[in-house]
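Student: Can we go through the helix packing and the cores in this one? Start with whatever term I need first.

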Amino acid sequence: MLSIEENDSLTRDVSVDELIGMRVMIVQNHQIGTIRYIKDGVVSLDCHGSEKKYLYPAAFAGTLELEDEDLNERILMQGQEASFEEFKKTYRFALTNEIDFLKLTGGKKYRIVDGERIASRDGEYLYAFDTDSDLHFPDGTTVKLWFPEKIVTGYVVSCEDFTILIRTMEYIGETIDSVEFTSEQWQLLEALMDRIKCMEPSRDSIAYEIACNGRKKLIPWSNIRCGQNSAMNRATSEKVTFIWGPPGTGKTETLANIALEHIEKGRRVLMLSYSNVSVDGALMRVANKADLEAGRVIRYGYPRIKELIDNCNLTSYQYVLQNNPELSKEYRELNEKKRSLKRKDPERIEINKCINRLRDLLLQQERDLIYRADFIATTVSKATVDPSIYMQQFDVVIFDEASMAYVPQIIFASSLAKSFFVCLGDFCQLPAIVQNNTDDRLTKDIFEYTGITSAVEDNQSHEWLVMLDLQFRMHWDIADFVSQNMYQGRLKTTDKISESRQEIAMCDPVPGAAMSMVDLSGMYSVCTKTMDGSRINIMSALMCVRIAEKNLKNYEVGIITPYSAQSRLIIAMLRDLQEKNKKWLRVSCATVHQFQGSEKPVIVYDSVDCFRMPYPGMMLSSMKNDSANRLFNVALTRAKGKFVLVTNADYLLRKHLSKKLVFTKAITKIQREQCLIRGASVLDEMMPIEDEDPCIYIGDRENSWKRYIEDIKNSKDSIHMEIPDVMDENDTAMEQFGSVLSIKKANGVHICIRTPEDIDLPMELQEFIKLNDYVTNPVTVIDKKTVWFGQPLYAADFISEGDILDTEYFPCIRFEGKHMARLIQAFLEF
């Protein structure tokens with residue numbers, strides 16, 4: 001044991017005077033030098049006549065070693081502290097910049113519609129809104145409502161089933177057509193800064209090691225270790241393990257096996273991830289593989305998948321609730337009563353208050369459970385703000401989908417580990433979402449930060465790294481393509497899935513092709529920018545849902561798009577269809593970011609970008625941080641057996657999309673192998689077959705006219721048309737059309753035709769015209785529920801780079817649904 005005097009000597013800071021003239025070794029190459037001077041945070045060495053400079057005292061945390069061992073041990077502690085402080089300082093500035101940006105702009109905006117005041121009391125007003133997507137905000141979340149003339153603060157009362165209840169201290173009207181809101185996302189980042197600020201290298205040794213020493217772990221002239229066994233062995237025996245798991249390589253299975261191995265050895269495991277979907281998937285895999293009594297494997301927070309939400313053994317709240325029979329009975333009765341009420345019924349508010357009261361009563365029991373469970377899974381955001389997590393340490397911390405997290409989130413997570421930290425992810429998939437594009441420090445993931453990415457690119461190994469190189473998900477053609485273009489040929493495919501994946505590849509379009517394309521070139525496929533800067537393409541959205549309809553009888557289908565507005569549009573269509581027929585629950589839609597971690601037999605990828613946009617969006621074209629390639633890689637590798645790309649290849653060719661993009665390479669491959677349909681073949685493929693009554697009707701301009709006119713004749717309330725350009729010269733049809741509209745007007749139907757000023761429409765339509773220069777889509781919305789794209793008799797062309805591009809094919813598409821119609825009207829602002 002050290003004496004008090006000896007311990008004091010170790011903790012006493014080394015003075016500059018003690019170091020001048022001392023001999024040091026540069027650890028990387030064992031070169032010897034002498035300290036010449038230390039000034040302004042820099043130490044200067046004389047290495048046989050050449051000068052070398054390093055940061056002082058951070059360089060003594062592993063870059064430089066003093067010949068004097070006692071002095072070196074003392075300066076090492078100073079170096080570690082300085083090195084860790086430098087890390088904290090760097091990311092404090094980066095997080096502060098992001099916070100300031102979010103406070104200034106409000107961050108991501110969510111659109112809510114059809115608001116109505118449902119109650120008011122004591123100066124508080126309660127409003128119920130419909131949502132375009134299924135939002136998830138905890139009760140009490142502070143939000144800001146962004147009206148044109150003011151910003152109103154509110155609080156989420158409940159958020160479920162496409163309905164959000166918001167409480168305000170200010171009256172905002174009896175009804176609100178639509179409004180955007182933001183949540184105060186910066187609060188999570190402020191909490192993260194607080195967690196990082198409290199960390200110390202001596203106490204949080206694993207966090208210090210990852211934050212400060214990752215780039216010192218490169219192993220030149222060495223191959224990367226591969227395989228699940230290698231990953232398992234390292235993760236259960238070494239302090240720090242990074243597992244590189246490309247798509248379909250069994251990353252979740254490996255995670256579960258590692259967790260169970262540690263649990264069997266009596267160690268407590270915390271599993272964290274950026275997303276709820278990833279947390280839920282890992283928890284379910286561990287629970288299904290484990291033979292553990294109830295309460296030892298626990299999901300803490302807000303699960304998203306149905307199997308977990310009401311699971312009495314796996315979710316923390318449900319578990320403690322079932323151990324209180326009287327409260328459990330009250331909870332069931334309250335939920336049954338709530339389900340019997342309409343979504344905007346004010347009584348649901350009182351029921352939610354009662355449910356929240358039950359949660360408060362059980363809060364301490366829930367916390368006690370978190371302190372004794374063997375495996376706890378939650379999001380890193382929850383861990384950052386909840387003292388039940390961040391006030392304790394775990395024997396093992398496992399972090400999944402690490403490429404999507406900020407580096408400070410990973411370092412914070414590792415500070416919760418006593419003995420083992422395991423980090424899983426794929427630096428060729430999605431990076432973290434950063435709103436402030438003027439500071440790129442947060443865009444770099446933990447793999448890049450620790451030098452793993454550069455080591456792989458240089459064909460070197462890294463002490464902490466193991467790769468999972470055998471994939472079990474994708475058709476071999478898809479896997480080979482991404483292996484060559486994203487994984488340097490390292491990704492292999494098991495031969496056990498060949499037959500089942502080829503069966504899926506037999507789906508339409510182009511049966512037998514695992515990668516196919518529906519090319520909308522030659523059609524009036526229009527891309528429109530929305531108010532929030534996102535993009536929609538109504539034709540491609542309808543085509544994607546039609547492709548799903550043709551395949552959902554045999555397989556589940558996922559529709560993926562890079563744009564949130566397009567995702568919301570397709571989700572609105574699916575809501576309409578699911579309300580009519582539960583078979584449509586087999587089809588889902590999300591943005592690429594929301595789909596990471598999921599998979600489907602058939603994936604339809606809607607690229608959206610098309611004419612009327614001067615250039616493709618950053619989602620498709622950005623080479624910065626390899627973001628467009630990483631995004632497309634995720635979309636493509638969600639498919640088990642069939643990937644269908646819906647795009648306009650002529651537009652992309654004219655815009656000179658980079659040949660280095662994997663998206664461009666995929667189009668080139670599909671075209672070379674002739675695995676596509678375009679032009680008249682698209683119409684032939686998508687039009688109804690004999691005796692089929694499709695939910696998405698597609699016909700040509702002429703044979704759909706009769707059905708269109710019937711819809712106009714059957715209108716009861718309103719007809720809104722967008723006519724962006726000239727119409728087909730069919731005098732008989734125009735005379736019929738004008739006559740029907742006049743009759744409907746006489747019957748009290750409100751009729752509006754919006755068109756640009758320079759378009760000359762037939763005389764029969766003149767009385768209904770309202771000029772608008774921003775009309776871009778040939779759309780008709782009837783009675784706020786029936787949508788037609790391509791009627792009445794559109795004949796518009798495009799102009800691109802000065803050339804007139806003739807529209808050669810005229811698909812006319814009909815869809816019936818109030819959610820889709822409402823969203824179309826909101827996006828097009830009519």
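Tutor: A crossing is called left-handed if the near helix is turned anticlockwise from the far one by less than a right angle, and right-handed if clockwise. The model here is a predicted one.

Student: OK, which hand is the crossing of α11 and α12?

Tutor: Left-handed. Helix α11 covers residues 325-339 and helix α12 residues 347-361, and their axes are 10 Å apart at an angle of about 160°.

Student: So how are α11 and α12 oriented to each other?

Tutor: Angles over 145 degrees count as roughly antiparallel, so α11 and α12 are roughly antiparallel.

Student: What sort of residues make that contact of α11 with α12?

Tutor: They divide into 8 nonpolar, 2 polar and 6 charged. Among them are Leu-327 and Glu-330 of α11, and Arg-348 and Ile-351 of α12.

Student: Switching to α29 and α30, at what angle do they cross?

Tutor: Roughly 15°, with the axes coming within 10 Å. That makes α29 roughly parallel to α30. This crossing of α29 and α30 is left-handed. The contact has 9 nonpolar, 1 polar and 2 charged residues, including Trp-705 in α29 and Phe-737 in α30.

Student: Now the largest nonpolar core: how many residues?

Tutor: It has 205, and Phe-421, Phe-737 and Leu-741 are among those with the most contacts inside it. Helix α21, residues 538-551, gives the most to this core, with 9 residues.

Student: What is Phe-421 in contact with, beyond its sequence neighbours?

Tutor: Leaving aside neighbours within four places in sequence, its contacts include Ile-206, Lys-239, Phe-399 and Ser-414.

Student: And which residues does the second core include?

Tutor: Met-232, Ala-259, Val-286 and Leu-308 are among its 31 residues, and it is separate.

Terms used: Residues numbered from 1 in each chain as written. Predicted model: local features only at pLDDT ≥ 70, side-chain atom pairs only at ≥ 80, totals over all residues. Heavy atoms only, no water. Core = buried A, V, L, I, M, F, W, Y, C linked by side-chain atoms within 4.5 Å. Buried < 20%, exposed > 50% of the residue type's maximum accessible area, 1.4 Å probe, protein only. Helix = DSSP H or I, 4+ residues; strand = E, 2+ residues; numbered from the N terminus. Contact = heavy atoms within 4.5 Å. Axes fitted to C-alpha atoms, helices over the stretch in contact; angles between N-to-C directions. Parallel < 35°, antiparallel > 145°, perpendicular 65-115°, else oblique. Nonpolar A, V, L, I, M, F, W, Y, C, P; charged D, E, K, R; others polar.
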